[in-house]
Amino acid sequence: MSATPSLTERQAARVFYTWSAQSSALPLEIVGGQGARFFTADGGAWWDLGSMTWNAGLGHDHPRMKRALGEAAARGLLVTPAAAFPAKARAGELLAEVTPAGLGKTFFCLSGTEANENAVKMARLHTGRQKIVARTRSYHGASLAMLSLSGDPRRLPFEPGLPGVVRMADPYCFRCPFGKEPASCAHECAQDLEAVLEREGPDTVAAVILEGIVGANGVFVPPPGYWKKIRAICDRHGVLLIADEVLSGFGRTGRWFAVDHDGVTPDLLTMAKGLTGGYVPGGAVIVTDRIARHFDDHVLVCGLTSYAHPLVCEAVVATIETMRDERLVERAAALGHHLAGRLKDFARSRPFIGEVRGIGLLWAFELCLPAPGGAPGPGAHPREPMPAAAMAKLAAILRRGRLHLHKRDNLLYLAPPLVIGEADLEIALGELGSALDEAFA
């Protein structure tokens, strides 16, 4: 008589795992959590240093989110996309308050992918043009169209994809595409947009879509003034600017949105993940008054069945109010200043860390083979990426130590919930340092 299958066996038989060959998936049976930790069925308590899928900004089991969503579920409200109800209006009002000045009207959806899809559609509808400029390394979503925009190898099995996609350089200072050192940077990566537009013909380009800070492809923090230069180039050529703040928004960088560090207002700004604290699926696009007015008399050919779903709107309201009341954006900024010094010290004694970079509570370690001949000289970096086998060893050590962090190629990301305390962060950093030393020292 066969044994009763486990939960993971039952699930694997009937449900797919994402971004993996199914036979190699390593599921976790998560049963709960509290703050910056989550719990598994085997009794494990994990440090959530990746905010689940970068989205759990408010942490686990937040009482205010539970209360707000419980009350919303109890109302049992079902609506059509055209319905009016209090949480929908309030969510739009609050987003207009926390986003950059000049953005005022919101389109609600269910994910970052959908937010970016609809932003691109709006840009094309508004301008009558088709081409979209995106970065060489970027991620804008998992649909066919957004994978086409993404400068990410996950798009390769589906090419050719969306036509009219044009690439520009990344602000990847550690491996600068223009061979510049930070001290001699003249924003060549931003100026590359000018060259792209001149080559393509700006009257053929609807929009430029850029992540506020490149997230899953490396945490590239652009140099100060980068966004202002991008904004000026777009204005000069009459091209719309879309800021993809799906990962870098909602306090993650120590400001509400990453573009706030440069004081720039994009024409369209997309968001998801932290928008609802991860408690329900939610996404949104907010646009300037100029774009909003265009659709007063032109049909907005965008929509979905669960547009502005009541639970999404309630979650948006509760998330923004909670973040304000608990001053989580300010908290992320303060912890980010603390982390900046700690992580530089953390990396200084570990030659396998080529660079640690980030801002607020969004950081990446670029793991590299040590430089030939020992420690690199001043201004030099070990350039060879850590090989896949060594990264697989690190992944196993992190799992054994119950440390949840995102990993990609030779990159390791640190993005804990905004609610994490400094003492807990120090404990988790100590455990992470031990794991890195075991893997590479």
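Predicted model: local features only at pLDDT ≥ 70, side-chain atom pairs only at ≥ 80, totals over all residues.

Biologist: In what order do the seven strands of the open sheet lie?

Modeller: Strands of a sheet pair through backbone hydrogen bonds, either parallel or antiparallel. Helices (H or I, at least four residues) and strands (E, at least two) are DSSP runs, numbered from the N terminus, and two strands pair if DSSP finds at least two bridges between them. Here the order is S4-S10-S9-S8-S7-S5-S6, with mixed pairing. Strands S4 (103-109) and S6 (165-168) each have a single partner strand, so one side of each lacks a neighbour in the sheet. From one strand to the next, the twist averages 25 degrees; axes are lines fitted to C-alpha atoms, for helices over the stretch in contact, and angles run from 0 to 180 degrees between N-to-C directions.

Biologist: How many bridges join S9 to S10?

Modeller: Four bridges join S9 (residues 268-271) to S10 (residues 283-288), and the two strands run antiparallel. Within this pair, Thr270 stands opposite Val285 in S10. Helix H4 (residues 86-98) packs on the sheet and touches S4, S9 and S10; contact means heavy atoms within 4.5 Å. The direction of H4 makes about 130 degrees with that of S4.

Biologist: Is Asn116 buried or exposed?

Modeller: Buried means under 20% relative accessible area, exposed over 50%, and partly exposed in between (1.4 Å probe, protein chains only). Asn116 counts as buried because its relative accessibility is 1%. Asn116 belongs to helix H5 (residues 112-127). Residues up to four places away in sequence aside, Asn116 touches His140, Met146, Ile209, Asp244, Val246 and Thr270.

Biologist: Where does Ala169 lie?

Modeller: Ala169 is in the loop between S6 and helix H7 (188-200). With a relative accessible area of 10%, Ala169 is buried. Beyond its neighbours within four places in sequence, its contacts include Arg135, Pro177 and Cys189.

Biologist: Is Leu300 buried or partly exposed?

Modeller: Leu300 counts as partly exposed, because its relative accessibility is 31%. Leu300 lies in the loop between helix H9 (289-297) and helix H10 (310-325).

Notes. Residues numbered from 1 in each chain as written. Heavy atoms only, no water.
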